[in-house]
Amino acid sequence: LRKGFVPCHHGMVEMLWWHGEQILSSGADGKVLSWDPAAIDLLEPSDTSPQVELDPLNEVVLGDGKVRVRCMETDPTGELGEWIVLDDGEAGGGLWKVNWKDNFTSKRLMQSSSGAVMALDPSPRGPYVATAGMDGTVRMLCSKTKDTVYMASFKQAATTLHWVPQEVDPEQVTLVVGFGDGVV
């Protein structure tokens, strides 16, 4: 617990990780906290409570508070000084880069569905793939540039999709999408 018996994270702790001379915790609140192992080792619970209090060394908040840290990794050598963070948040998932050598600056590398991708279908007209996500998003990704070129959000989970055949749409630009509430 933090000082004042406040939880370390608001919501579930997703990951604990030994990183150099620190222990990192990350969670559903989009925060990455670093802790001093030596300070943890010195903590002693009181006679009345098994809980102890300690404030983190550093705190990094990713995005606008809607990021959910699902997992994170760094290069094995640590030379790059970066974490890659997988976001599974309510504002859409994605990958973030956190530079821990540069004052813990963070930048979103790419946006994706948060939660499961339920279906995908390659475009018959070019290097594009359409995806349907449980988060209600329908996306078109360019397989060459790895960019999202189109995205629409709906209130229900997108569960399946398919490009309309050329016999029905000669230009092959129509996508049919099915949703979790039975709507097509």
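**View 1. Lining of the largest pocket in the predicted model.** Of the 13 residues that line the largest pocket, Leu1, Cys8, Ser25, Trp35 and Ile40 lie nearest its centre. The volume of this pocket is about 180 Å³. Sorted by class, its lining comprises 10 nonpolar, 2 polar and 1 charged residues. Two strands, E1 (13-19) and E2 (22-27), each contribute at least two residues to the lining.

**View 2. Cysteine 8 and cysteine 142.** Cysteine 8 is one of the residues nearest the centre of the largest pocket. With a relative accessible area of 23%, cysteine 8 is partly exposed, because the buried class requires a value under 20%. Cysteine 142, at a relative accessible area of 9%, is buried. A search of the whole structure for disulfides returns 0.

View 3. The side chain of serine 34 forms a polar contact of 3.2 Å with the side chain of glutamine 22. When neighbours within four places in sequence are set aside, the residues in contact with serine 34 are Gln22, Ile23, Leu24, Pro56, Leu57 and Asn58.

**View 4. Backbone at phenylalanine 5.** Phenylalanine 5 is located in the segment before E1. Although phenylalanine 5 is not a glycine, its phi is positive, at about 55°. The relative accessibility of phenylalanine 5 is 45%, and the residue therefore counts as partly exposed; the exposed class would require a value over 50%.

**View 5. Backbone at glutamine 172.** Glutamine 172 belongs to the loop that runs between strand E13 (158-163) and strand E14 (175-179). Glutamine 172 is another residue that is not a glycine and has a positive phi, of about 55°. Its relative accessible area of 17% places glutamine 172 in the buried class, because that class covers values under 20%.

Conventions
Residues are numbered from 1 along each chain as its sequence is written. This is a predicted model: local features need pLDDT of at least 70, side-chain atom pairs count only at pLDDT 80 or more; totals for chains, interfaces and linings use all residues. Side-chain values use heavy atoms; hydrogens and water are left out. A disulfide is a pair of cysteine sulfur atoms within 2.5 Å. Buried means under 20% relative accessible area, exposed over 50%, partly exposed in between (1.4 Å probe, protein chains only). A polar contact is a pair of N or O atoms within 3.5 Å; within protein, one must be able to donate a hydrogen and the other to accept it, and residues adjacent in sequence count only if both atoms are side-chain atoms. Contact means heavy atoms within 4.5 Å. On a 1 Å grid over the protein atoms alone, a cavity is a set of points where a 1.4 Å probe fits but cannot get out, and a pocket is an open set with protein on both sides within 12 Å along at least five of seven lines; lining residues have an atom within 4 Å of a point. Grid points are joined across faces, edges and corners, and a volume is the space filled by probe spheres set on the points. Helices (H or I, at least four residues) and strands (E, at least two) are DSSP runs, numbered from the N terminus. Ala, Val, Leu, Ile, Met, Phe, Trp, Tyr, Cys and Pro count as nonpolar, Asp, Glu, Lys and Arg as charged, and the others, Gly among them, as polar.
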